[in-house]
Amino acid sequence: MKNIELLVLDMAGTTIDEDNVVYKTLTDAVNEYGYSVTLEKVLIHCAGMEKLEAITSLLKDIRGNEADAQPIFENFSENLKFAYRNLEVKPINGTEKFLLSMKTQNKKVVLNTGYTHEIAQQLLDKLHWKENVHFDALITADDVSESRPSPAMINLAMKKFNITEPAKVLKAGDSVIDIEEGKNAGCGLTIAVLSGAQNRTELEKAKPDYILNTISEAENLL
C-alpha cells in the first residue's frame, strides 16, 4: 500500500457527526429570504464548499438574485453559531480511535473544512479534541485565499509538515468537492465516506479511490 505520511480529513460528516445542522441552517437561511429550496438540493449543490460561495452558487442555480448571497450568508453564520451552541456534537463511529491510532503510527493528521476558523474551533471544543493529541493542525477556509476544490488547503498542510510529495497524502471527505480537492492536489489516495452529506451515487461521480462507510475503515488500507 502507498506510504501515506499525511491525512487531510474533512470535518463535518467525515470525522464529526453534527446531524447535517450546517446544511439545515443554510437551507433555512436561504428560505427565510423568500426562496424555496430543499435540504436535498442544498446537500447536492453546496456540500464541502466555502459557505458564501455555496450560497452564491445555489442562488445562481435557482435563478435567484446573487446580491442576496451576502446577507443570507451573514444570517446563516449567526444562526449556525447559535445552533452549534445548543447542539450535541459527537465523533463519527470509530473516528477518535482511528485518529489516535494514526498518531501512534507517526502519521500527521490535518483537519480541514470550508467553515470559518471560529465555527471549526467551536466544534473541536465540544468534542474536547486537542491539537497534538487527536490531530496535528486545523486548516479552515480562513487560512487560504482559494476555496475547495482548489488544493490550497492541502498544499498548506503539506507545507506545514514539510511533505513535498502529494503521493504521500490521503484526502478523505463526504462530498464530491472533497475528492476533487484531493485529486487537484495530486493526493496518493482519495477516500469518500458515506457518513455525511452525499450518497454513493453522488460520490461516485468524483471517482474516489475508495468509498467507505466511515473513515475508521481506512485503517485497513493503511
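This is a predicted model: local features need pLDDT of at least 70, side-chain atom pairs count only at pLDDT 80 or more; totals for chains, interfaces and linings use all residues.
User: Thanks. And what percentage of the residues count as buried?
Analyst: That would be 54% of the 222 residues.

User: What about overall dimensions, so what box do the C-alpha atoms fill?
Analyst: Taken along the principal axes, the box is roughly 50 × 35 × 30 Å. The radius of gyration is 17 Å, which agrees with the value near 17 Å that a compact globule of 222 residues would have.

User: Good to know. How many helices and strands are there?
Analyst: The protein has nine helices and eight strands.

User: Which strands form the open sheet, and in what order?
Analyst: Six strands do, and the order is β5-β4-β1-β6-β7-β8, with parallel pairing. At the edges sit β5 (137-140) and β8 (210-212), each of which pairs on one side only. On average, neighbouring strands in this sheet are turned by 25° against each other, ignoring direction.

User: Which strands does helix α7 lie across?
Analyst: Helix α7 (residues 152-160) lies across β1 (6-10), β4, β5 and β6 (169-173). Relative to β5, the helix runs at about 150°.

User: Changing topic: how many aromatic pairs does the count come to?
Analyst: The count comes to one aromatic pair. Phenylalanine 73 and phenylalanine 76 have ring centres 6.3 Å apart and planes at 40°, so the pair is tilted.

User: Where do phenylalanine 73 and phenylalanine 76 sit in helix α4 relative to each other?
Analyst: Helix α4 spans residues 69-86, and the two phenylalanines are separated by about one helical turn because they are three residues apart in it.

User: Is phenylalanine 73 buried or exposed, and what about phenylalanine 76?
Analyst: Phenylalanine 73 and phenylalanine 76 are both buried.

User: Last one! Of the contacts with a separation of 6 or more, what percentage comes from residues 24 or more positions apart?
Analyst: Residues 24 or more positions apart account for 66% of those contacts.

Note on methods
Residues are numbered from 1 along each chain as its sequence is written. Side-chain values use heavy atoms; hydrogens and water are left out. Two strands pair if DSSP finds at least two bridges between them. Helices (H or I, at least four residues) and strands (E, at least two) are DSSP runs, numbered from the N terminus. Axes are lines fitted to C-alpha atoms, for helices over the stretch in contact, and angles run from 0 to 180 degrees between N-to-C directions. Contact means heavy atoms within 4.5 Å. The radius of gyration is taken over C-alpha atoms; the globule rule is 2.2 Å times the number of residues to the power 0.38. Buried means under 20% relative accessible area, exposed over 50%, partly exposed in between (1.4 Å probe, protein chains only). Rings of Phe, Tyr and Trp (its six-membered ring) pair if their centres lie within 6.5 Å; planes under 30 degrees apart count as stacked, over 60 as edge-to-face and the rest as tilted.
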